[in-house]
Structure formats: structure tokens, C-alpha cells
Amino acid sequence: MLDRAAHDALVAAVGTENVISDPVQLRSYECDGLTGFRQIPSLVVLPRATEHVANAVRACHRHGVPFVARGAGTGLSGGAMPVADGVVISLQRMREIVDIDPVDRRAVLQPGVTNLDITKAAAAHGLYYAPDPSSQQVCTIGGNIAENSGGAHCLKYGFTTNHVLSMTVVLPDGEIVTLGGDTDEQLGPDLRGVVIGSEGTLGIACDITVRLLRTPETVRTLLADFPSVTAAGDVVSDLVAAGIIPAAVEMMDNLAIQAAEKAVGAGYTLSTPAALVVELDGPESECEAQFAEVRAICDRHGCTRLHIAETAAERARIWKGRKAAFAAVGRISPDYIVQDGVVPRTRLAEVLNRIENMGRDAGLRVANVFHAGDGNLHPLVLFDEDAGELERAEELSTDIAELCVELGGSLSGEHGIGTDKACSMPRMFGEADLSTMDRVRTAFDPQHLCNPGKLLPTPRLCGEQPGRYRPHPLEEAGVIERL
Amino acid sequence: MTATILTPTDLRSACEAFAETGGTVRIQGAGTAASWAGTTGAADVVVDTTGLTGIRSYNPADMTVSVGAGTPLDQLQDEVAQHGQRVAFDAARVRRGATVAGLIATADSGPLALGYGSMRDLVIGATVVLADGTPARTGGHVIKNVAGYDLAKLMHGSYGAYGLMAEVVLRLHPAPEAQRTVALDCTLPEAADHTRSLLAEAQEPVSLEWADGTLLVRIEGTTDGTTARARRLVELTGGRALSDDEAAESWQRHARLVDDATVRVGCRPSRLPGVLGRFDSPAVAGLATGVATLSVPAAQVDHVHDAVTEAGGTSVRRSASGGQARSWGQQPSALHVLRAIKRELDPAFRLDAERFGTWLKPAAAASAEPAGRDTSTGTTPSRAASRTASPTASGDSADETAHGAVTPDDAALRPVARTQAPTDSGGTEPAGTEQEDS
Ligand SMILES: Cc1cc2nc3c(=O)[nH]c(=O)nc-3n(C[C@H](O)[C@H](O)[C@H](O)COP(=O)(O)OP(=O)(O)OC[C@H]3O[C@@H](n4cnc5c(N)ncnc54)[C@H](O)[C@@H]3O)c2cc1C
Ligand SMILES: Cc1cc2nc3c(=O)[nH]c(=O)nc-3n(C[C@H](O)[C@H](O)[C@H](O)COP(=O)(O)OP(=O)(O)OC[C@H]3O[C@@H](n4cnc5c(N)ncnc54)[C@H](O)[C@@H]3O)c2cc1C
């Protein structure tokens, strides 16, 4: 519970009408998209302006109250999960698109604006906002910044960090600063880049300026079936070798396809072991030439069916199947865990085989949907909680993420570390690496009030010895050393 | 004053260059940006990065490469070109031998920034040696990765003040099959008008630069595709598609103009012509990126700073011949965060931060700054004290006072090893030589 003084200070900071303290209403803030981790906050404040946010943070700072920023709560790593005796600062009432500037091609946004609304507002000028997480209809630009979110098209166009020009940030002591500027020129180190992807632990992003891109002249999309995930993986490698950077390359295995078909009937082949969605975009002349090359590469790897979207509607249908896959898995399993890890793309086939074996050993099914172009896997571990499979599923899911690190990749490609994977961080980073990150965090937030307990392992969360140390594979190969 | 020059050749000797020396340190690359921003201070130790060279790991199929941070970028380009790949980056000083880390530390960029961004967008991992010799890794070897803070961004634009990059992992792109440049001789306002109509079309230029009297538009792609698009660009602008030789020559000229500049500027693209138009000096302007360089006489550098600041932009001096001119125009809004990070990562203030003038100095010593926080009260004195601190024997007494305010006295101060190479503890021994440091 908050003490009286802290409570009153927070109410004064944003106004009574922007505070939630009713226990029933507070409950709807107890978790984000990772529903396994829950904590009811002491108070939720819903500022309407940057100044409100700063007031609220200053009040927290003065009274030593921990706070957690929250966008749409779609995060999948427990990043927006409240902390005990803490406050949630929800940005849901700051949803104004402040400016769309078609000349300098940028948009100024409040943090609660949804990702898709940016593109909707820019479309009239032939512009769009490139990063497109599958959750784009609901997730907020503030949350995107915190997670450095990507999407199917980030292989070619990059992640949130490549598209944010500047933002005001309310620092953990309530000071408002501007990070970044009108161009990519910098005044000293790139703090904007440090804050993007910091999972809400270094401050709260408020007035955000993003770059807008010209809508490409042509978009070509195909859906191709393959006799195995290995064959589909080889297509991805060959595309890279041919110097083609598609706008998107997405892979789904048979389980994922079955689930997606059941849910939305997008026209995927139910029996195929694997399918790829490949999309190219750009100037028409170039796009067509490369599209022909993509088709040839698909054929070379035994493509059993190739469907080319001829209309915008057909293209949307293909994407609907892909984007529905996560939720659709609910149709083939009572419960499931969405994992997120990255491997070097040359190790896709290997990681998929290992995952299959690990699933078999654990007696659990794993469906795979992923951004194949950049090696970002989303294995979905299927289980039945009523059958007592939860613990086994969580273990398998964690093992899969750690396997990605073992193969020279990363614990997370887009969902973040949050509460979920903080204890796995020592698998990827050594003590000195983590303590350096912690020093940077301390520089921003000496009192450790800003989303505490997330991202970096803490003894409270992980025990005194946060995980076993395993040498990084590149370390074993003598490529890197930890000293 | 005599400085010890250390030239580490691997991560271990890079760590030793810090852990086994005391005093102030300056990190020195190939020297291609020697007179950018503020002038460097005197230092007890100079760490020369040019021995940290070579590819550490490169699997072309993954399109990522890990290199020693002191590797000249043009050398790296030659190596990856053999596999049909490139680092999509072309700052002017690359051809003068600039190192990968030097380019990162100065947040430099070239005409390709319109299509591919700067080094900050291409660095996917780094191993950084902190002032106390601790090696810290950030990022990794895969292009998509959100685990942990992205401290490579902290290095981008850090001018050697926050740590030594020892190794860097870069994202690669396929080398384009064809490049075409369309050129048009015109004034800056005319070029700005053309830019607007060009960007309204989906021609996807990767570079769009006005190089002192000539608008240069570069596109990349397939041979046929770029030919068709070049034709369209010619129609739109009334310009001319250049032959490969002509294009190379035009971009060389562009690079020379950038090299000769005295100020670098960034401001909203639409405001750029207005700002540059106030100075009758050679200029290069990225009309879509908002990044420009100007070759004004020394006496005008401060006027440029003022004009750009007024337009909301940023500016930095790029030449030592600026006389008494300021190094930077605007100062960063989050100064106290920059200082706090400096204090956390380099509590003894060993790493030279003179490139930033007074920015990183504690508020008490930087009288130019409005009195704000009392930065002399370190937030984590216990942590600072537990590390090996070193005396700031730089000879610059004003600095010493400044540093003294944040550096807790440490009982275990080491004597400054001036001429000795660090004693070896396993790795390659860094070469120790002497240099007269002014
Ligand atoms: C079905 C589904 C599909 C998804 N697909 C993708 C995908 O394709 N790509 C992808 O990258 N992610 C994806 N995600 C994950 C999630 O949508 C993203 O991480 C998203 O950016 C979170 O935004 P949010 O507004 O919901 O943030 P929240 O979940 O509310 O918060 C996420 C984190 O951001 C912090 N935060 C929120 N707002 C701010 C702010 N203004 N300033 C500072 N910190 C803040 C919070 O403290 C928390 O740590 C998916 C999620 C779901 C449920
Ligand atoms: C033989 C010699 C003698 C010199 N004598 C003096 C002298 O007496 N007095 C004097 O003031 N100057 C002297 N200089 C110049 C001085 O060393 C340079 O001004 C300074 O080192 C910057 O050059 P450069 O390294 O800018 O080049 P760049 O490599 O382009 O470096 C630019 C910036 O990047 C930083 N940087 C480079 N590599 C890394 C890295 N791996 N990690 C982190 N940051 C990095 C540098 O610190 C610098 O701020 C001398 C140079 C040489 C070669």
C-alpha cells in the first residue's frame, strides 16, 4: 500500500479524475500479455499530458514509490507487470497525433498512439510508418520504443530504433529531457538509442517524433509450400546468397498452419510440412525481376505449391493467416507459451531440428511461426495446464530460448527480457557485461524506482546465483573472449 | 609532457592498457578526425587503436561480420566485397583510412545515410573496454536482438570519452548490382524544390545531396531497373544520367568538399536552405536527411552555430582552424545524464572528454552551464571507491579540480606507468613507445 502522503501527491500530480484506486479496476492492470506473471498495483494514474507524467514521476521520486509505465499491455515479457506497492503510469489517455509533416516526412505523437494509427494518419500523404508488429492495431508507440519492436517488415526496414528521430523522456527523477533531434546528427553519445529498447527502465517516452517513409511503388507477395522446414530454410539462405533482401520472409510449420487455417481460413495447405510467405517491395521494375528470382529459388528447393497474391485482398488474406497464427494456436491446444529467440539465419534448420527433439523428449508439441529472414523464432509450446504440464512447458520454453544463445544468437528478438527472461540473461552476458548495463541504469535511475526488477537479473528474482554460467559458443571457438 | 603510447592488438592487451596503467587516457584512431569537435586534452596514456585490426569472424551467409575496432573501414570493405557484400556506409573520411570505431565514435555518416542510416544503424554488437580495464559486451552477432541495453548506441558519438571499442559486429548488405547517379547543376533553393518532387515519387534514392552547385541523386538496384529509374529522374529534374566514371568523380568531389568543411550541421530538411543560404561559402547539403557541411572561414563558425541553433538544429566544428570559435552549437538537453553515465563508467575521469568541452565536467566546474544539480555528490560513492581510481595528472589544473570533485580519494592509487608496457598476463603484449604530447 501507498502511504497517505504518496497517494495524495500522486492524485495532485494528475488530478482525481485521472486516478484509479478501486481494487476491482486495479485488477485489470495486474499483468500484460504474459499473463502468468501478476501483481495488482497500488494505484494507476492516467496522465493526459507530458507535464502530468513528470508530476507523477516526481511524486514517486520524492516518496520513494516504484512506478511502471504502461501502454496497451500487449508486451509478452512481463515488462508492464506492476511492482508490489508501486504505481502504474498508463499512457492510454495520451493518444493524440500531434503533427504529420509530409514535407520533412515525420510524425509527432503522444506515447499512447497506436502503431497502426500512425500509418493510417500518414497514408493520405503517401507515407507510412515502417515498423509493423503483429500487434500493431493495439500496441502503442511508447511500448514500441520500450521494446524496440520489430515486425514482419523489419528485415528490410529496421526496427523501432531506426525510425525514431527524437523523443522527450521523463527521467526517473521527473526531469523532462529531449533525446535525439531533428536529424540523425548527434550531440554526444546517442542516448535516444540507449533508451529505445530499455524496456521502460530508464524513463518514460512522451512526445515522440518518428520518420515516415514513402509507400513503395509495388508490393509482391507469395505463399510457397515446401516438403520440409529444412527445404524452406534453404530457400531463405539462398535468397540471402542471391543478394535479395525481401521486405519480409515468414515461415510457418505444419502445426502453426493447421491452427491458422482453423482460425481464419486463409488458404494455406493443411497438409504441407512448411510454408513461406515472401514479400518484395520497391520500384516496379526491380521488384518484378527479383520476384522471378525468388520463384526460381523456391522451385529449386522442391516447392510443392506456389500461390502468388494477384490482388490486395489476396495479399491481405495471406498475411491474415500469418498474423493470426499466435492466437490461433489456442484452437489446437488449451494452453500455450509464446517464445521468442534469435539464431544466425544459417542455423535455422539446425535449431528447428533440435527444438523438435526437445519437444519430443518433453512430451510436448511445439508449433513454429517465425521471421525467417532475420532468424527470429517464435516457437509456441503447447500444453494443458489441467494435465499438470505447465512446469514442463515453461522449462522447455526457457530451454529453447537458451538454445538460441548457445547457437550464437539471442534470448530475444522483439518481445524483450522483462520479468520473463531476466534470470536467463547470465546465459547470454557475463557478469561484467551485466554490471556495466546496471551502471548505466544507475546513472539514469539511482533510486531504482523505474520499472525495477525487470530486464536485469536480481537476487530476489533469480536467487543469489542467477543461472549457471556457460561459455558463449563464440568464446569456445576462440572468436571472442570474456576474460 | 611524455605520454605512454600503447598499441593493443587484442582484447586482452586492450584491457591491460587500462588496468595496468594509471592517469588520464586518450583513445586515438587513425587520426582522420583529429580536429573535430573540441581539441583533445593532454593525456598520460595514449591508447592507439590501430593495432586492433582484422576480421574476427565472418560468415557471409549470415551477413554479419565481427572486426577489430581499429580496422580501417576501406580495408574491411575490400574483404567483404569479395563475397558480394558491403558495409552500407560511405562517410568522406573512409577513403583517408578512418577506422570502424573512429567512425562510430564520431557519429559520422555519408551520402548513403539516406538509404541505410549511419553506423548506429549498422552496429549490432560491440565489446567495449571501460576505463578500469573491464571488458563489457553489448548486443551480439545477430541482426535482430533486443536482449539488454544497446550500449553500442552509447559509443556512437562518444568521441572516446566513455570507453574503448575493441571489437565491433556489423550488419552487412548485399552489394548492389548497379548504381546510377543523376546530376543537375542548380542553386540550393532549386535543389530543394527538386528534392520535394523526387521524394513524392517512389524512386527510392539512396543518396540525395547538393554538392555546392550540383544536385546528385543516386539510386541502386538491378542494371535494368536503375536504368529505367535514372531515365525517370532525368525527366523529373531535367538533369543528366552520369557515366560510371563521371559519377565516381562527382562523388569524389563531394567527399573532398566534406573533408574541407569547417562545420557540420543537422537541421530539419525544409529549413536547411534558409540556414545555409545565410553563408556565402562552399556547402554540401543532404536535402532529405537534413545533414550538411559548410566551409566557412574561422571567424564565421560561431555565426553558423547561432543560425543553426535558432533553426532548432545541431552543429559541430570540424576544423581546428576555428580559432576561438565554439566547438558545438546547441548543447544536449540530457547533460546531467551524460555526466552521470560518465561518472558510473569512468569514476576516475581517466578518459579524455575534452572533445565535449565543458559538457561532461561536473556542474560546479563548468561555470558556463546554468547551476542545476549538484553533480559532485556522487550517487554511488561506494562503487566508485572500490575501483582503481587514478590521479588526473594531466597538468591541466582546472580539470584536476573538476575531476577531483567526483573522484573519491583512493588509497590504492597506482603510480603512473609512463614508459613501461603493461606487464603481461597472458595475452599479446602491447607495444609501448614514447610520444611527446603537447
Ligand atoms: C498477438 C501479439 C503479437 C505481437 N507481435 C509482435 C511483433 O510482431 N513484434 C514485436 O516486436 N512485438 C510483438 N508483440 C509484443 C508487443 O505487442 C510489443 O512489445 C509492443 O511494443 C508492446 O506495446 P504496448 O503498448 O502494449 O506496451 P506494454 O505492454 O504496455 O509495455 C511494454 C513495455 O513498455 C514499457 N512502456 C510502455 N509505454 C512506455 C512509454 N511511453 N515509455 C517508456 N516505457 C513504456 C512498459 O513499462 C513495458 O516495460 C506482440 C504481442 C502480441 C500480444
Ligand atoms: C603520432 C601522433 C602524434 C600526435 N600528437 C598529438 C599531440 O601531441 N597532441 C594532440 O592533441 N594531438 C596529437 N595527435 C593527434 C591526436 O592523437 C588526435 O587528435 C586524436 O587521437 C584524434 O585522432 P582521431 O583518433 O581523431 O581519429 P579517429 O580514429 O577518427 O577518432 C575519432 C574519435 O574517435 C575516438 N575513437 C577512435 N577509436 C576509438 C575506439 N576504438 N573506441 C572508442 N573511441 C574511439 C577517438 O577518441 C576520437 O575521439 C597526434 C597524433 C598522432 C598520430
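Buried means under 20% relative accessible area. The exercises below use a predicted model.

**Exercise 1. Decide whether helix α1 of chain B is mostly covered or mostly uncovered, and find what packs against its buried residues.**

Step 1. Take the helix, residues 11-19 of chain B, and count. Seven of its nine residues are buried, and α1(B) is mostly covered.

Step 2. Name the buried residues. They are B:Leu11, B:Ser13, B:Ala14, B:Cys15, B:Glu16, B:Ala17 and B:Phe18.

Step 3. Look for their partners in chain B. The buried residues of α1(B) pack against strands β1 (2-7), β2 (25-28) and β3 (45-48), and also against β7 (123-129), β8 (135-139) and β9 (164-171).

**Exercise 2. Describe how strand β7 of chain B is enclosed and paired.**

Step 1. Check burial. Seven of the seven residues of β7(B) are buried, so the strand is largely enclosed by the rest of the structure.

Step 2. Pair β7(B) with β9(B). The sense is antiparallel, over six bridges. In this pairing B:Val128 stands opposite B:Met165 of β9(B).

Step 3. Pair β7(B) with β8(B). Again the sense is antiparallel, over five bridges. Here B:Gly125 stands opposite B:Gly139 of β8(B).

Step 4. Inspect the connection. β7(B) and β8(B) form a hairpin, with five residues between them. In the turn, B:Gly133 has a positive phi of about 90°.

**Exercise 3. Classify two aromatic pairs by their geometry.**

Step 1. Count. There are six aromatic pairs over all chains.

Step 2. Take A:Tyr128 and A:Tyr157. Their centres are 6.4 Å apart, with 85° between the planes. Planes over 60 degrees apart count as edge-to-face, so this pair is edge-to-face.

Step 3. Trace the pair in sequence. A:Tyr128 lies in strand β7 (residues 127-128) of chain A and A:Tyr157 in helix α6 (residues 154-157) of chain A, so the pair ties together parts that are 29 residues apart in sequence.

Step 4. Check burial. A:Tyr128 is buried at a relative accessible area of 15%. A:Tyr157 is buried at 17%.

Step 5. Take B:Phe356 and B:Trp359. This pair is stacked, at 5.6 Å centre to centre and 10° between the planes. B:Phe356 is buried at 2% relative accessibility, and B:Trp359 is buried at 5%.

Step 6. Ring pairs link B:Tyr159, B:Trp328, B:Phe356 and B:Trp359 into a cluster.

**Exercise 4. Identify which rings the charged ends of B:Arg86 and B:Arg218 sit over.**

Step 1. The charged end of B:Arg86 sits over the ring of B:Tyr116, 5.0 Å from its centre.

Step 2. For B:Arg218, the ring is that of B:Trp251, with the charged end 4.3 Å from the ring centre.

Definitions and conventions
Residues numbered from 1 in each chain as written. Chains lettered and ligands numbered in written order. Predicted model: local features only at pLDDT ≥ 70, side-chain atom pairs only at ≥ 80, totals over all residues. Heavy atoms only, no water. Buried < 20%, exposed > 50% of the residue type's maximum accessible area, 1.4 Å probe, protein only. Helix = DSSP H or I, 4+ residues; strand = E, 2+ residues; numbered from the N terminus. Contact = heavy atoms within 4.5 Å. Phe/Tyr/Trp six-rings, centres within 6.5 Å; stacked < 30°, edge-to-face > 60°. Lys NZ or Arg CZ within 6 Å of the ring centre and 35° of its normal. Pairing = 2+ DSSP bridges.
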